[in-house]
Amino acid sequence: MTTASELLAHFGIPESGDVAVRSPIDGAVIGHVAYDAPEEIGVKIAVAERAFQAWRAVPAPRRGELVRLFGEELRANKEKLGRLVTLEAGKILQEGLGEVQEMIDICDFAVGLSRQLYGLTIASERPGHRMMETWHPLGPVAIISAFNFPVAVWAWNAALALVCGDTVIWKPSEKTPLTALATQALFERAVKRFGDAPAGLSSVVLGLADAGKALAADVRIPLVSATGSTRMGRALGPVVAERFGRSLLELGGNNAMIVMPSADLELAVRAILFAAVGTAGQRCTSLRRLLVHADVYDKLVPRVKAAYGRVTIGDPLETGTLVGPLVDKAAFDGMEAALAGAKSAGGVVTGGGRALADQYPNAVYAHPAVVEMPSQTGVMIHETFAPILYVVKIGSLDEGLTLQNAVPQGLSSCIFTRDMQEAERFTSAAGSDCGIANVNIGPSGAEIGGAFGGEKETGGGRESGSDSWRAYMRRQTATVNYSNALPLAQGIKFDLD
Ligand code: NAD
């Protein structure tokens with residue numbers, strides 16, 4: 001088995017610095033890093049700004065070639081980077097590998113996109129004029145990322161930003177600096193093979209929230225793409241807005257599944273299990289609220305609880321483990337507090353509590369919990385970043401939709417039904433109010449081809465597929481007069497004689 005130090009050596013990451021990085025698997029120190037001082041952050045921004053001046057003039061398909069080479073590096077190093085993701089973030093190895101696959105997929109997408117940054121031609125009301133809309137590179141983009149998708153979220157942003165002609169500065173979560181340094185090392189290998197890229201196209205800034213704040217406040221950065229908690233977005237948004245910068249916010253979710261009487265319950269149980277306990281409930285798209293129609297409640301809920309009882313909790317590097325550790329003790333404390341709150345609101349808890357404490361005294365594993373609630377109250381309205389699934393009985397689709405939409409977050413949602421009218425209503429304008437609405441698929445595990453993001457307190461940002469690339473460019477409307485006259489718009493006459 002490859003150890004952490006072998007992986008760091010492979011990626012050329014020095015094991016020096018005064019900040020210890022611990023693995024959530026067993027609490028062991030797996031590396032050391034140094035945080036950037038404010039003046040070092042300033043230098044990295046200046047370098048990114050200078051690199052942008054050159055990169056924006058490189059033809060977009062050529063920029064795509066760099067991203068293609070980066071995708072090749074990722075393919076060749078998928079196993080090693082995936083393993084480092086598991087060591088540093090604690091997600092099971094299959095999910096660590098899946099995360100790197102997502103990086104590869106978005107690179108492929110971005111390479112194609114580099115030949116498709118289309119603008120429009122627009123009918124001009126004036127004779128002998130042509131009007132067009134062009135998309136230009138924007139500038140250095142700051143990417144602030146969360147611990148739970150330590151590398152994929154950066155890639156969603158960076159692959160697009162780079163083909164769009166931007167440079168990128170990455171402030172990863174303080175809990176996952178090593179995977180960021182490893183990714184940067186792979187990117188630099190691609191840059192070397194590419195040959196003539198300007199220095200500093202991509203850089204990594206390490207630090208706590210203050211480092212993120214410094215990027216948010218810097219006027220040289222036109223776009224700040226930030227993924228994390230709603231608390232972080234609420235603090236960061238005004239800082240970027242104050243200087244008229246743009247922010248792309250990907251914040252917390254509180255995702256629901258509605259199960260209707262016609263649903264395939266076998267399918268639903270599998271979807272519930274993956275979405276609620278996968279990544280130990282630490283996905284922004286994790287299933288947190290299960291709204292079950294009364295007609296199938298007694299058939300479905302005992303099956304869900306039985307499936308929970310069979311889940312293997314343990315070392316995420318081991319084959320067969322489905323639930324790895326929580327990221328830290330604070331996450332477990334949050335889970336305990338939420339379960340206590342649910343109990344005092346009349347909730348009946350199955351599961352929960354610490355697991356494997358003797359085996360891993362310096363790490364935190366938890367039994368996933370199912371909580372049957374008398375109604376959707378208090379604690380269910382907030383996102384607790386842990387494997388808790390609240391279950392509420394509903395009497396109709398109307399009631400399910402009302403409950404689903406009655407939370408401040410608006411990221412992902414789904415319905416299990418075989419009834420076409422219910423499925424269509426769910427995805428209609430009067431249905432789910434979320435950025436993602438699925439039918440007979442759980443709320444987590446989005447594909448990169450679609451735009452990813454959510455409404456309300458989730459922040460409104462969209463990244464990854466579809467036309468999300470537009471966020472990384474500036475739009476210019478240009479009108480060209482190829483006539484010998486100067487007709488004014490709106491028929492205005494403004495003659496001297
Ligand atoms: P977090 O908010 O604690 O930290 C996220 C990042 O923001 C870190 O890099 C952190 O250093 C930085 N940060 C914190 N405060 C800041 C500030 N005031 N200014 C600038 N930067 C600041 O989140 P976390 O615990 O790492 O991740 C879990 C959260 O992220 C959950 O709420 C989850 O739903 C959310 N998340 C959302 C998405 C999405 O796409 N919507 C994806 C992954 C995670």
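User: What makes helix α3 and helix α6 a crossing pair, and at what angle do the axes cross?

Analyst: This is a predicted model. In it, the axes of α3 (residues 60–76) and α6 (residues 152–163) come within 8 Å. They cross at roughly 145°. Angles run from 0 to 180 degrees between N-to-C directions, so the direction of each helix counts here.

User: Which residues make the contact of α3 with α6?

Analyst: From α3 come Ala-60, Arg-63, Gly-64, Leu-66 and Val-67. From α6 come Ala-159, Leu-162 and Val-163. They count as in contact because the cut-off is 7 Å between C-beta atoms placed from the backbone. By class, this contact has six nonpolar, one polar and one charged residues.

User: How do you know that β3 and β4 pair?

Analyst: Count the bridges. A pair needs at least two, and β3 and β4 (residues 129–137) have three, so they pair. The sense is antiparallel. Thr-121 has Met-132 of β4 as its bridge partner. Leu-120 stands opposite Glu-133 in β4.

User: What makes the turn of this hairpin, and which residue there has a positive phi?

Analyst: Six residues lie between β3 and β4 in the hairpin. Gly-128 sits in the turn, with a positive phi of about 70°.

User: How do you know that β4 also pairs with β23?

Analyst: The test is again at least two bridges. Nine bridges join β4 to β23, so the strands pair. They run antiparallel. In this pairing, Trp-135 stands opposite Arg-475 of β23.

User: Why are β3 and β23 called edge strands?

Analyst: Three strands form an open sheet in the order β3-β4-β23. β3 (120–122) and β23 (473–481) each pair on one side only. Neighbouring strands of the sheet are turned by 25° against each other on average, direction ignored.

User: What makes up the shell around the ligand, and how many residues are in it?

Analyst: The ligand is surrounded by 30 residues. A residue is counted if its C-beta atom, placed from the backbone, lies within 6 Å. The closest are Ala-146, Gly-212, Gly-228, Glu-250 and Cys-284. Two elements give two or more residues each: α8 (209–217) and α9 (230–242). The largest share, four residues, comes from α8. By class, the shell has 15 nonpolar, 10 polar and five charged residues.

User: How do you know which domains the shell around the ligand draws on?

Analyst: The domain assignment gives domain 1 (4–251 + 459–477) and domain 2 (255–439). The shell draws at least three residues from each of them.

User: What separates the centres of the domains, and how many residues does each give to the contact?

Analyst: The centres, taken over C-alpha atoms, are 31 Å apart. The contact takes 13 residues from domain 1 and 16 residues from domain 2. On the domain 1 side, five are nonpolar, four polar and four charged.

User: How do you know what confidence the predictor gives the chain?

Analyst: Look at pLDDT, which runs from 0 to 100. The mean for the chain is 97, and 100% of its residues reach 70 or more. Among the elements, helix α1 (residues 4–11) has the lowest mean, 95. Strand β5 (residues 140–144) has the highest, 99.

Terms used: Residues numbered from 1 in each chain as written. Predicted model: local features only at pLDDT ≥ 70, side-chain atom pairs only at ≥ 80, totals over all residues. Nonpolar A, V, L, I, M, F, W, Y, C, P; charged D, E, K, R; others polar. Domains from an automatic or database assignment. Contact = placed C-beta atoms within 7 Å.
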